[in-house]
Amino acid sequence: MNDEQFRDILYRQDLDRELIKVLLAAEGSQMEMLLRRALEVKLEHMDNYVHLRGLIEYGNVCEKNCLYCGLRRGNGKVARYCLSDDEVLSCARLAHDLGYGSVALQSGERSDPEFIAKIEYLVREIKKIDGGSLGITLSLGEQTEDTYCRWFDAGAHRYLLRIESSDEELYYRIHPRDAKHSFRTRVDCLEALKRTGYQTGTGVMVGLPSQTLDHLAGDLLFFRDMDVAMVGLGPYIPHPDTPLYRFKGAIPSAKERMDMTLKMIAVLRLMMPEINMVAATANQTIDPQGREKAIQAGANVIMPNLTPGEYRESYFIYPDKACVKDMPDHCQTCLDIRLAAIGHRIQYNAWGDSPAFTKKTKK
Ligand code: SAM
Ligand code: SF4
């Protein structure tokens, strides 16, 4: 395909599976054209602001056994922890004092009543800081609709639950095929989150064993069909203490996973110009410039880690996680400088909701 034909696709409003695959297959100068167009669309719709979510990794106890994740129940090498109330609330206060505007509470999946009540309590306490000035995103896995409602009523308003892969067959290649890891339940949870009123986010890992362009195009169509408000996309990073690690030799190189992640972000920005998109830490883990590249390809959210230093090494979803040793104030200066260098600026003291969601709820 010549550059002119390729450029035409970049301006199409109605990208279908075949056209998406053409864009995802782009290389060299055509890949550059795609990334440039996505940046243009983002700046047109969202300006050059980057929103922050101070990430609090609440605990690494997990009931699940996802085949790719270092926190899986079956990994006996992990020192399990759970932050105290004081630790969570000081992280939230720090996020407020640094002007982050929002926090994201993430953890392994638990569904015991103590956990559910504790999260409800913590969300209410975070909401008391400075008269409710902090936005709250949760990423705590699959729960009942009743639990989602309790946490929403307590004050959380965004929820991230990645579908991991929207292709049911591939989903079961990266999860055990049992009731605890049901694809149907995951989709139902996303529907329940939307019904509850959350700005609902989902996402996938890029570069999984046996993942094809067709799978990835299907993922982007899934996001559009689900009409989600946020997406978090990142490269898959093999973890040696997980079952999926044995397929390590059969996945694309780190550069290929990074490039494909950037193309996924860019194509999605063309398809959904006003959603929030996270530049995942996994990008920076496989490429020192990965987060900035994701921002330049169309992402607009960064999640600096606020988890107390002594716990960070125990939240090893994948090896060599970026910023594990960074301290929040250092992280902030480093982010300000890195973003200014690529023509972006942080929007401090704001929730940074997705315009796609805000417009819909105002209708
Ligand atoms: N337990 C919650 C859940 O699964 O939604 C939240 C925490 S989980 C660690 C957050 C995300 O980490 C998952 O959605 C998954 O996509 C990502 N993740 C886990 N293992 C990974 C790996 N090896 N490489 C890249 N991302 C990974
Ligand atoms: Fe648990 Fe989430 Fe990791 Fe799955 S991805 S093992 S649910 S922490």
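**Cavities, pockets and ligand sites in the predicted model**

Three elements, α1 (3–10), α3 (28–46) and α10 (254–271), each contribute at least two residues to the lining of the largest pocket. Among the elements that line the largest pocket, α3 gives the most, with four residues. The volume of this pocket is about 200 Å³. Its lining comprises 14 residues, and those closest to the centre of the pocket are R12, Q13, R37, L270 and P273. When the lining residues of the largest pocket are sorted by class, eight are nonpolar, two are polar and four are charged.

Three cavities of 30 Å³ or more are present in the structure. The largest cavity has a volume of about 980 Å³, and 44 residues form its lining. Nearest the centre of the largest cavity lie Q106, S139, R162, E164 and I317. At least two residues of this lining come from each of β2 (54–59), β3 (102–107), β8 (230–235), β9 (276–279) and α11 (281–286). The largest share belongs to β8, which supplies three residues. In terms of class, 24 residues in the lining of the largest cavity are nonpolar, 10 are polar and 10 are charged.

The second largest cavity holds about 60 Å³ of space. Its lining is made up of R53, A104, T137, R158, L160, M230, N276, V278, V301 and M303. Two or more of these residues are given by each of β5 (158–160) and β9. Ligand 1 is surrounded by 18 residues, with S107, R162, E164, I237 and I317 the closest. The shell around ligand 1 divides into 10 nonpolar, four polar and four charged residues. Polar atoms of the protein approach this ligand at several points. A polar side-chain atom of E164 is found 2.6 Å from an oxygen atom of ligand 1, and a polar side-chain atom of R162 lies 2.8 Å from an oxygen atom of the ligand. The backbone also takes part, with a polar backbone atom of Y68 placed 3.0 Å from a nitrogen atom of ligand 1. On its own, ligand 1 has 560 Å² of accessible area, of which the protein covers 92%.

E164, placed among the residues closest to ligand 1, has a positive phi of about 70° although it is not a glycine. E164 is located in the loop between β5 and α7 (168–173). A positive phi also occurs at D130, a residue other than glycine, with a value near 50°. D130 is situated in the loop between α5 (113–128) and β4 (135–139).

Technical notes:
Residues are numbered from 1 along each chain as its sequence is written. Chains are lettered from A and ligands numbered from 1 in the order in which they are written. This is a predicted model: local features need pLDDT of at least 70, side-chain atom pairs count only at pLDDT 80 or more; totals for chains, interfaces and linings use all residues. Side-chain values use heavy atoms; hydrogens and water are left out. A residue is near a molecule or strand if one of its heavy atoms lies within 4 Å of it. A polar contact is a pair of N or O atoms within 3.5 Å; within protein, one must be able to donate a hydrogen and the other to accept it, and residues adjacent in sequence count only if both atoms are side-chain atoms. Accessible areas come from the Shrake-Rupley method with a 1.4 Å probe; for residues, only the protein chains shown count as cover. Ala, Val, Leu, Ile, Met, Phe, Trp, Tyr, Cys and Pro count as nonpolar, Asp, Glu, Lys and Arg as charged, and the others, Gly among them, as polar. On a 1 Å grid over the protein atoms alone, a cavity is a set of points where a 1.4 Å probe fits but cannot get out, and a pocket is an open set with protein on both sides within 12 Å along at least five of seven lines; lining residues have an atom within 4 Å of a point. Grid points are joined across faces, edges and corners, and a volume is the space filled by probe spheres set on the points.
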